[in-house]
Amino acid sequence: MKLFEKFKDDTFSLFHVANEAEINRILREQMRIAAWLIGLIGVAELGMYFVVRANGLLATNFSHYLLRYFFIPTGVNLCVWLFNLAARRWGRSLRVQAYANCIMYACLTFVVYTVHMHFSSLALCFVVPILLTIVYGDIVLTSVISAVCAAFKLISDLCIVWDPGYLSRVGVHSFEGIDVGISMVAMAAVYAIALQAILAERTKHRNALNQQMERMNLYEESITDPVTGIFNRKGLRRCFNRMLADDSGVSYAFVMMDLDRFKEINDTHGHLVGDQFLKHFSQLIDAVPNAEAFRFGGDEFSLLLRGCSRSAAMDCCREIRAKMQQYKIDGCDVPVTVSFGVAMYHPDMAPTELVRRADEALYQAKRIKNHITMYREGASGEA
């Protein structure tokens, strides 16, 4: 429940809802895809030479083309990739690594567009880094990368002419105001779409989270006693199931407890005073280490002690008894004591048998009151 409460009102992002291993997997996958893209872009550059030359559009020789459109761009892309790889290994913050990944894609796009700005349709490449941020669900990250892509596009359009003599007939440098304006509007539209996708995912996540919280609240209510706040019988069955599944060999002790003269308190001082005794006693037993506390019903409670020997179980009961004897409520002159029945769990023992033994020991203790009885085969040891 604490986990869900922590994230309920938090900004949704991958960094909030995914574990470290899942985020690392995504980061590694993006690095792998980037490496493949660099290779494919390099192959495409070589293929582009033959396509352009075959159509009689090339205005430069092969060595010049190889240097300007293969070695330099591919080398820059590889340097960006290697720098990002080094940053991933040095950096500890997953958020910083995600920013570095997305900026890396923006740089790859910038290189491709700058080298081939003759083809204005390549401006669509800047959409890729923006859309890539959607997987993280982080509005700030999406906004930053959108701004970076817009800046790269403007720098390329207005400040750089990579190779004006590259083509003889196709296009011109696309720095005209109308072309730049249209590209900026298009990128803004993509940014808006990315934000809408993130917001939709956030809404979906919050709805799913609220539904899961409601289910957990209903389940907790079904296994919790409404008066004392500790487990009820349904919660006891759940803990018994865990005990049966425990193959570690650790010992268990089960304690049944009954508040002596509790009915007299209810009859004399009313149920509100009686509830104060119930709540105080439940707090006492709920604070016992390595144990689960339960309200069995009425004024009967129980404890399931894990990793507890016979003597330790008896000592635990004595401590609870002593603390309860010290508790007083103003105006209530009826002393409330506690009787205990203790039974040890053995492998392959049914929970019903364990309860029966503890209940039988409790019955013996109740005959004396304020007593602790350990169940033994054929006899009950008393303290």
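A residue is termed buried under 20% relative accessible area, exposed over 50% and partly exposed in between (1.4 Å probe, protein chains only). The structure is a predicted model, in which local features need pLDDT of at least 70 and side-chain atom pairs count only at pLDDT 80 or more, whereas totals for chains, interfaces and linings use all residues. Residues are numbered from 1 along each chain as its sequence is written, and side-chain values use heavy atoms, with hydrogens and water left out.

With charge assigned as positive for Lys and Arg and negative for Asp and Glu, His and the chain ends not being counted, E45 stands out as a buried residue that has no salt bridge. A salt bridge here requires a side-chain nitrogen of Lys or Arg within 4 Å of a carboxyl oxygen of Asp or Glu. The nearest side chain of opposite charge to E45 is that of R68, 11 Å away. E45 belongs to helix α3 (residues 20–54); helices (H or I, at least four residues) and strands (E, at least two) are DSSP runs, numbered from the N terminus. Beyond its neighbours within four places in sequence, E45 is in contact (heavy atoms within 4.5 Å) with Y65, Y69, V115 and H116.

Y65 and Y69 also take part in a cluster in which ring pairs link them with Y49, F50 and F62. Rings of Phe, Tyr and Trp (its six-membered ring) pair if their centres lie within 6.5 Å; planes under 30 degrees apart count as stacked, over 60 as edge-to-face and the rest as tilted. The structure holds 12 such aromatic pairs. In one of them, the ring centres of Y113 and F126 are 5.5 Å apart and the planes stand at 70°, so the arrangement is edge-to-face. Because Y113 lies in helix α5 (residues 94–115) and F126 in the loop between α5 and α6 (127–132), this pair ties together parts that are 13 residues apart in sequence. Both Y113 and F126 are buried.

Residues up to four places away in sequence aside, I285 touches I230, M257, A293, F294, F301, S302, L303 and I320.

Salt bridges number 14 in the structure. One of them joins the side chains of D246 and R306 (2.9 Å, N to O). D246 lies in the loop between α9 (233–245) and β1, and R306 in strand β3, so the pair ties together parts that are 60 residues apart in sequence. D246 is partly exposed, at 23% relative accessible area, as is R306, at 40%.

Other bridges lie within a helix. In α3, R32 and E29 are three residues apart, about one turn of the helix, and their side chains meet at 2.5 Å, N to O. In helix α13 (residues 351–368), E360 and R356 are four residues apart, about one helical turn, with their closest N and O atoms 2.9 Å apart. E360 and R356 are linked with E353 and R357 in a network of salt bridges.
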